[in-house]
Amino acid sequence: MQIRVDPDKCQGHNRCYMLAPELFDVDDYGYASHIGDGDVPGELEDKARLTRDNCPEHAITVVD
Ligand code: SF4
């Protein structure tokens, strides 16, 4: 599984980082990016889907 943040859609709500700090990094303004190459370890796949479903800007994409 891979996770991606669309920087054009992200509004820096920080919600993804609060839910899954293992998968996201945030800058000083709260804008998020995926950690590393975006690979999601198997045990974090449910969390990845949760962040996608909770991003108010629909900025997170999860690809199986
Ligand atoms: S929840 Fe969505 S809009 Fe908010 S920081 Fe994360 S990716 Fe950006």
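Which residues is threonine 51 in contact with, leaving aside its neighbours within four places in sequence? They are Ile3, Cys16, Leu19, Ala20, Phe24 and Ile60, where contact means heavy atoms within 4.5 Å.

A quick note on the model: it is predicted, so local features need pLDDT of at least 70 and side-chain atom pairs count only at pLDDT 80 or more, while totals for chains, interfaces and linings use all residues. Residues are numbered from 1 along each chain as its sequence is written, and side-chain values use heavy atoms, with hydrogens and water left out.

Here are two residues side by side. Buried means under 20% relative accessible area, exposed over 50%, and partly exposed in between (1.4 Å probe, protein chains only).

| Residue | Relative accessible area | Class |
|---|---|---|
| Threonine 51 | 1% | buried |
| Asparagine 14 | 24% | partly exposed |

Threonine 51 sits in helix α2, residues 45–54. Asparagine 14 is in the loop between β1 and α1 (15–19). Helices (H or I, at least four residues) and strands (E, at least two) are DSSP runs, numbered from the N terminus. Beyond four places in sequence, asparagine 14 contacts Val26 and Gly30. Its C-alpha atom is separated by 9.4 Å from that of phenylalanine 24, ten residues apart along the chain.

Now for the ligand. It has 13 residues around it, and the closest include Asn14 and Cys16; a residue counts if one of its heavy atoms lies within 4 Å. That shell splits into six nonpolar, five polar and two charged residues. Ala, Val, Leu, Ile, Met, Phe, Trp, Tyr, Cys and Pro count as nonpolar, Asp, Glu, Lys and Arg as charged, and the others, Gly among them, as polar.
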